[in-house]
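Subject: A structure for you to look at

Dear colleague,

My notes on what was found follow below.

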Amino acid sequence: MNYHIKASSFSNDDAMVHIRESHINFGTTSKTLPNPAELFLTSFAACILKNVERFSVMMKFSYDKTLLEVNASRLENPPRMDNIIYKLTIYSNDKKLNTDLLKKNIEKFGTIYNTLKQSCSISGSINTI
C-alpha cells in the first residue's frame, strides 16, 4: 500500500494537512491547535481504534463505543518519542470479546503500532465496561 498527503502553511501562521476530503489544522505558531507530536500520537490512536473495528468483525464481538487515552514521554537529545502508554476502554457486554486476543492482534497487525515499536517502548491495557 502507498499513502499520500499534502500539507501547507503560511509564514507566521499555523498549518493544515490535506488528506482525501479532510483538512486538519495544526499548530506551528499557535498553542491552541494540536502540535506535530500530538498529531503523531493521533495516528497511533487511529491505528488502535481502526483495529478494534476491524477485529470486532473478525472476532465476532460487538461494542457500543471505545475510549482511548495515550500518554507519551519525549527525550530531548535527540528529540524523539521514548515511551508510549495507552489505556483502551471498550464499552461492551459481549461475552465473545476476548481482550487478550484483541490486544495481541492490535500489537501484531497495527501498521502504526509496529512502526513505532521499532523506535520506542509501547505498553498498554484494554479494559471493558
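In the hairpin that strand 1 and strand 2 form, with 5 residues between the strands, asparagine 12 takes a positive phi near 60 degrees. These two strands, strand 1 being residues 6–9, pair in the antiparallel sense over 4 bridges, where pairing requires that DSSP finds at least two bridges between the strands. Alanine 7 has valine 17 in strand 2 as its bridge partner. Strand 2 goes on to pair with strand 3, again in the antiparallel sense, over 5 bridges, and histidine 18 stands opposite histidine 23 in strand 3. The hairpin of strand 2 and strand 3 has 2 residues between the strands, and arginine 20 in its turn has a positive phi of about 50 degrees.

Please keep in mind that this is a predicted model, in which local features need pLDDT of at least 70 and side-chain atom pairs count only at pLDDT 80 or more, while totals for chains, interfaces and linings use all residues. Residues are numbered from 1 along each chain as its sequence is written, and side-chain values use heavy atoms, with hydrogens and water left out.

Taken as a whole, the protein has 3 helices and 6 strands, which are DSSP runs numbered from the N terminus (helices are H or I with at least four residues, strands are E with at least two). From the N terminus on, the elements run β-β-β-α-β-β-α-α-β. Of the 129 residues, 27% count as buried, a word that stands for under 20% relative accessible area, with exposed over 50% and partly exposed in between (1.4 Å probe, protein chains only).

A search of the whole structure finds 5 aromatic pairs; rings of Phe, Tyr and Trp (its six-membered ring) pair if their centres lie within 6.5 Å, and planes under 30 degrees apart count as stacked, over 60 as edge-to-face and the rest as tilted. The rings of phenylalanine 44 and tyrosine 86 have centres 6.0 Å apart and planes at 65 degrees, so this pair is edge-to-face. Because phenylalanine 44 lies in helix 1 (residues 36–58) and tyrosine 86 in strand 5 (residues 79–91), the pair ties together parts that are 42 residues apart in sequence. The rings of tyrosine 86 and tyrosine 113 have centres 6.5 Å apart and planes at 85 degrees, so they too are edge-to-face. Ring pairs thus link Phe44, Tyr86 and Tyr113 into a cluster, in which tyrosine 86 is buried at 2% relative accessibility and tyrosine 113 is buried with a relative accessible area of 4%.

The largest pocket holds about 1000 Å³ of space. On a 1 Å grid over the protein atoms alone, a pocket is an open set of points where a 1.4 Å probe fits, with protein on both sides within 12 Å along at least five of seven lines, and lining residues have an atom within 4 Å of a point; the points are joined across faces, edges and corners, and the volume is the space filled by probe spheres set on them. Of the 23 lining residues, the closest to the centre are Tyr3, Ile19, Ser43, Ala46 and Ile112. Helix 1 gives the most to this lining, with 8 residues.

With best wishes
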